[in-house]
Amino acid sequence: MDDPSRAVLDQAAHENFPVAPFFLPRAWRGDLMAVYGYARLVDDIGDGDLAPGGGDAVLLGLEREQADDRLALLDALEADLFRVFSDRAPGPRHPLLRRLGPTVRRCGLTPEPFLGLIEANRQDQRISRYATTADLDAYCELSANPVGRLVLGITGTTSPERVRRSDEICTALQIVEHLQDVAEDLARDRIYLPEENRKRFGVTEADLAAPHASPAVRALIVHEADRANRLLDAGAPLVGSVHGRLRLLLAGFVGGGRAALQAVADAGHDVLPGPPKPTKLSLLRAVGATLRREG
């Protein structure tokens, strides 16, 4: 595999939540890693975090000089995605999309979730502030919810009820990530705390750029964290609707979100110095509690 692809896949070890844990069947692990590789590539393009040198641009059929043109890269990636779903030669250009092809065919996946992730990153190039909670939810519908739907598709457990629960969990996890990354996002000139809530708590952009959170910022983070907790609670029955190792995987997602929110609370809801992270012990405890509650 080309070096840019290896670098993308290696990031799985540093994610908040387990991507393809050892206890899953080998086929599932391979399929989850294929989807992860695609999703990570999309996000790295949207965030400008590709490996230096323009290798990914070349792999996608662009000139090396276009490596900083995020919209051109996303367009090229979308074209390569359609090659995954086409029977016509030649196949996908990028090795991560070539790796995705067998997963798509084996699991009967459709283009829509993959296209949603691309559109979310296009939106990140155009929109850096969200006026309302509803606007942010619409963004999460593109940026987060497709991942849960793909997990259900890979494991053959899709149903309307499970998709609804999965969407609640994934939106919650996206909110958690936004809370952890307030300072990092602001450095990219992005704010994912809805403007209507910032105004409600009297929080300015300057407040978010401070070294530590003011009482107003902390109150805003409490509000957003409470909403994420409610979404996790609403989606958590998904865990009890499945069996075996998939139940443990989904408990890992829900428990991971709860542990991350507890880390935010333990930091006094001061997220500005850097992302509060749960310890491995707190994560295991949260997963265990989720299994007992939803088992």
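A cavity is a set of points where a 1.4 Å probe fits but cannot get out. With that in hand, here are some close-ups of this predicted model.

**Figure 1. Residues around the largest cavity.** Take a look at what lines this space: H178, V182, D185, L186, R190, I191, Y192, L193 and L208. Helix α10 gives the most to that lining, with three residues. The cavity itself holds about 50 Å³ of space, and the count comes to two cavities of 30 Å³ or more.

**Figure 2. D185, a buried charge without a salt bridge.** D185 sits in helix α10, which covers residues 182-187. Where is the nearest side chain of opposite charge? That would be R188, 5.1 Å away; a salt bridge needs a side-chain nitrogen within 4 Å of a carboxyl oxygen, so D185 is buried with no salt bridge. Leaving aside residues up to four places away in sequence, D185 touches H178, R190 and Y192.

Figure 3. In soluble globular proteins, nonpolar side chains tend to be buried together.

**Figure 4. Zooming in on Y38.** Skip residues up to four places away in sequence, and Y38 still touches L77, L81, L97, L100, F114, L115, L117 and I118.

Methods
Residues are numbered from 1 along each chain as its sequence is written. This is a predicted model: local features need pLDDT of at least 70, side-chain atom pairs count only at pLDDT 80 or more; totals for chains, interfaces and linings use all residues. Side-chain values use heavy atoms; hydrogens and water are left out. Contact means heavy atoms within 4.5 Å. Helices (H or I, at least four residues) and strands (E, at least two) are DSSP runs, numbered from the N terminus. Buried means under 20% relative accessible area, exposed over 50%, partly exposed in between (1.4 Å probe, protein chains only). Lys and Arg count as positive and Asp and Glu as negative; His and the chain ends are not counted. On a 1 Å grid over the protein atoms alone, a cavity is a set of points where a 1.4 Å probe fits but cannot get out, and a pocket is an open set with protein on both sides within 12 Å along at least five of seven lines; lining residues have an atom within 4 Å of a point. Grid points are joined across faces, edges and corners, and a volume is the space filled by probe spheres set on the points.
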